[in-house]
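Dear colleague,

Please find below the structure that I am handing over to you.

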Amino acid sequence: AAGEWSYDRLWDAPDISEGWHTRNTRFWRSQGADVRGATGGGVSQRDLAFSRTALAELAAHRAGSPAFARALDLGAGIGRVTDAVLRRHCSHVDLVEFV
């Protein structure tokens, strides 16, 4: 519907899109270099459980152990998903953090 909110339209407003990277960088530089600073208070076990289940379902359709040769964790942060999930299913994981 016209005027309906969507992620695609998020960047339409100049007050959001202009200076986004600078604000983002400033925020992350002000956070501690630990689990609390990177996650806002801790690692979500529910989030990790969901990721484990999703990847296990994908791996079940592939032969071999580990099921995947490579993975790319974009927006990896401190690597909690790589550590708790990806490394158990992949021979090699590359982590990329944009900030």
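What share of the 99 residues in the protein chain do buried residues make up? Buried residues make up 20% of them, where buried means under 20% relative accessible area, exposed means over 50%, and partly exposed lies in between (1.4 Å probe, protein chains only).

Two remarks on the basis of these values are in order. This is a predicted model, in which local features need pLDDT of at least 70 and side-chain atom pairs count only at pLDDT 80 or more, while totals for chains, interfaces and linings use all residues. Residues are numbered from 1 along each chain as its sequence is written, and side-chain values use heavy atoms, with hydrogens and water left out.

Overall arrangement

The protein chain has five helices and two strands; helices (H or I, at least four residues) and strands (E, at least two) are DSSP runs, numbered from the N terminus. Read from the N terminus, the order of the elements is α-α-α-α-β-α-β. The accessible surface of the protein chain comes to about 7,600 Å², and carbon and sulfur atoms hold 54% of this surface. Accessible areas come from the Shrake-Rupley method with a 1.4 Å probe, and for residues only the protein chains shown count as cover. Of the contacts (heavy atoms within 4.5 Å) between residues at least 6 apart in sequence, 35% join residues at least 24 apart.

Salt bridges

A salt bridge is a side-chain nitrogen of Lys or Arg within 4 Å of a carboxyl oxygen of Asp or Glu, and by this rule there are two salt bridges. One joins the side chains of Asp-47 and Arg-80, at 2.8 Å from N to O. Asp-47 belongs to helix H4 (residues 45–59) and Arg-80 to helix H5 (residues 80–84), so the pair ties together parts that are 33 residues apart in sequence. Asp-47 is partly exposed at 28% relative accessibility, and Arg-80 is partly exposed at 26%. The side chains of Asp-83 and Arg-87 also meet in a salt bridge, at 3.0 Å from N to O. Asp-83 is partly exposed, with a relative accessible area of 42%.

Another pair may be set beside these. Ala-49 lies in helix H4 and is partly exposed at 36%. Ala-49 and Ala-84 are 35 residues apart in sequence and 9.2 Å apart in space, C-alpha to C-alpha.

The nonpolar patch

Phe-27, Trp-28, Leu-72, Leu-74, Phe-98 and Val-99 make a nonpolar surface patch of about 630 Å². Patches are made of residues with over 30% relative accessible area and no salt bridge, with like charges joined within 9 Å and nonpolar side chains (Val, Leu, Ile, Met, Phe, Trp, Tyr) within 5 Å. Helix H2 (20–29) and strand S1 (68–74) are the elements that give two or more residues to the nonpolar patch. Leu-74, which lies in strand S1, is exposed, with a relative accessible area of 52%.

Arg-62 is found in the loop between H4 and S1 and is partly exposed at 46% relative accessibility. Leaving aside residues up to four places away in sequence, Arg-62 touches Ala-67 and Phe-68.

With kind regards
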